Amino acid sequence: MARRGSVWTAAVRTPVGACSAVLLALVVVLSVLAPLLWGDGAAAIDTDAIGQGPSGAHPFGTDSLGRDLLLRTLVATRLSVGLAVLATAIGAGSGVVLGTLPSVLPRRLGRLLTAVVDIAVAFPGLLLALFLAVIFGVGTHGAVLAIGFATAPAFARLVQTLSASVSGRDFVAAARIAGVGRVRLLARHVLPNIGEPLVVNATIGAGSALLAFAGLSFLGIGVQAPDYDWGRLLREGLDGIYVNPAAALAPAAAVVLAGLAFNLVGETVAAVVGVRTRTTRRGAPPAPAAPAAHPVVLEQPADAVLVVENLRVAFPGPDGWTVPVRGVSFSVRAGEAIGVVGESGSGKSLTALAVSRLVEAPGVVTADRLEFAGKPLAAASDRELGTALAMVFQDPMTSFNPARRVGGQLAEVSEQHHGLSRRAAFARAVDRLAAVRIPAAERRARQYPHEFSGGMRQRAMIGMGLMGRPKLIVADEPTTALDVTVQRQVLRLLARTRETEGAAILLISHDIAVVSQTCERMLVMYAGRIVEDLPTGSPARHPYTRALLATTVDLETDRDQPLEVIPGRQPEPGQVPAGCAFAARCPLASERCRTEDPVLEVTDRRDHRVACWHPQVTVLSGQSHEEGAA
């Protein structure tokens, strides 16, 4: 509650929020107090002041009975706003019912109701309100029902769309399996998850209902005498507009200001309910705690494509800055294949996004040194990154635009970065698809992503990276959700690309076996830091790396023995304890491990680094060796 209250406070402090709060407060105060304070004055007839223009006594003049137009406009606030809110409530309630009924009714009736809603949505709202006003009759009640039911189809369509997006989620499927009925499923699992956008649209819709109600009263089929709202006052003022233009100005201004208040409130509510994390920044992100010992600084190779020193990625949160990547350092040589492994949440993908310059605000990336192809990454142009750095994402289905053909999306790279014509760029796209072993490449280039299998989409994503001459390919778990046959094909394709193009590869994976078979060097990450940097096939010394190896299953695994697991879970990014982050799960942890954070230091081999106070030895093939001390 405190968190939500702080978000509301921040929203009200913005220009839009402040204006909406002031206008809404003014409308509410007038609705409550105006009839009490000026009701009698607005109804007082003065035959000596009939049809007068603006004066000190009557700022907007008087009507045909000598009544003060300003007071009548103020008093009409209650009826005008009240009817608009009532009509909105009717429209939103009816829309929710119409939107959820197709999920409860039999299929044929549900489809019929959906078709009726679709037809109603096709009509303009005001035209539908006029049609319904004739059916319900002239007057206040008929106008309220007409506007309410005229806005219901739009709400119903919104509810149907939002319900469909929620109904396919796992928790809804689990509730169905548990035997939850349809009505209870909608009430407990679907509607609570779509309530916020409905509230936002209802708030904005109140402004439209206010305008529609004023329109019906202006046409003479809304509020009837002796009652009056802003629409009726506007019509009466229009009769004498050539004699007293100010008579129509007061109700017109009231309609505009009240409608603006509802719409601005809707924008403010949308900004608040859409907030999930704090977007404001409180100073610079904190630097990692100073280690107990100074790490050994490795000499960077002359042919390094990527150099990363002390990389940090931070995000602002309600309790300050969270640093999920804490001081990562490594380098990638030309033509080298490096694997990054670790459990989910260890910072692998975030590191890949940071070195690809894909971390967006409010995230902050800092590093003592972050260079790509010999120059600072921040200084590299989009064209340089677009041609020299390729990114292969985990799920190509969400990475490709489903509404565009695959060949066109690949060709866009050459059109933007190489300056090729559309035909030449498409020809190169076909050539790259053929290079990644996609059969009938020219025909496939004219197809959409959904017409490709999972493995073909992943190969096409690699082909997109090959549209330029990449010096580095960052593959973020490219084999996830692929069967073992397709997985092997993708890995072979990456290896072949490395050989033919001379590109370095940074392979992100949670599968240590895949990395050990594909890469020359391995970076093991835990809780946002590299805990071991070792050549593939050399003895593993960090207990976490050893634990990952122990959980790897192969054909030689004893099926009569229980599978190995790593007890516990790694700490959340904002709750990393003092000392070694793995200490709580490590069987070798000592008091020093819980108080002092080990740094990544070179072992007896210059190409092997480990951050551990009690390193052991295990070969990546799974064979154990004698334990050794640091």
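Mentor: Happy to. One term before we start: two strands pair if DSSP finds at least two bridges between them. Also keep in mind that this is a predicted model.

Trainee: Good to know. How many helices and strands are there in the protein chain?
Mentor: The protein chain has 21 helices and 15 strands. Of its 630 residues, 45% are buried.

Trainee: And which strands form the open sheet?
Mentor: There are 8 strands in it, in the order β7-β8-β9-β3-β10-β11-β14-β13, with mixed pairing. The edge strands, which pair on one side only, are β7 (389-392) and β13 (601-602).

Trainee: Let's start at the β7 end. How does β7 run relative to β8, parallel or antiparallel?
Mentor: The two are parallel, and 4 bridges join β7 to β8, which covers residues 472-476. If you want a spot to look at, find A390, which stands opposite I473 in β8.

Trainee: Found it. Which helix packs on the sheet there?
Mentor: That's α18, residues 484-501. Helix α18 touches β3 (337-341), β8 and β9 (504-508), and its direction makes about 155 degrees with that of β9.

Trainee: You mentioned β3. Is that strand mostly covered or uncovered?
Mentor: Mostly covered: 5 of its 5 residues are buried.

Trainee: What does β3 pair with?
Mentor: β3 pairs with β9 in the parallel sense over 4 bridges. With β10 (residues 521-526), β3 also pairs in the parallel sense over 4 bridges. V340 is a handy landmark here, as V340 stands opposite I508 in β9 and opposite L523 in β10.

Trainee: What holds paired strands together in general?
Mentor: Strands of a sheet pair through backbone hydrogen bonds.

Trainee: Switching topic: what can you tell me about α15?
Mentor: Helix α15 spans residues 422-435, so to count them, 14 residues. From first C-alpha to last it reaches 20 Å, close to the 20 Å expected at 1.5 Å a residue.

Trainee: Which residues of α15 are buried?
Mentor: A425, F426, R428, A429, V430, R432 and L433 are buried. The buried residues of α15 pack against α14 (406-417), α16 (441-445), α17 (454-465) and α18. Just after the helix, R437 takes a positive phi of about 65 degrees.

Trainee: Now charges. How many salt bridges does the structure hold?
Mentor: The structure holds 18. One of them joins R585 and E343, with the closest N and O atoms 2.9 Å apart.

Trainee: Why does that pair tie together parts so separate in sequence?
Mentor: R585 lies in the loop between α20 (543-550) and α21 (591-595), while E343 lies in the loop between β3 and α11 (348-355), so the pair links parts that are 242 residues apart in sequence. R585 is buried, at 7% relative accessible area, and E343 is partly exposed, at 23%.

Terms used. Residues are numbered from 1 along each chain as its sequence is written. This is a predicted model: local features need pLDDT of at least 70, side-chain atom pairs count only at pLDDT 80 or more; totals for chains, interfaces and linings use all residues. Side-chain values use heavy atoms; hydrogens and water are left out. Contact means heavy atoms within 4.5 Å. Axes are lines fitted to C-alpha atoms, for helices over the stretch in contact, and angles run from 0 to 180 degrees between N-to-C directions. Buried means under 20% relative accessible area, exposed over 50%, partly exposed in between (1.4 Å probe, protein chains only). The expected span of a helix is 1.5 Å times one less than its number of residues. A salt bridge is a side-chain nitrogen of Lys or Arg within 4 Å of a carboxyl oxygen of Asp or Glu.
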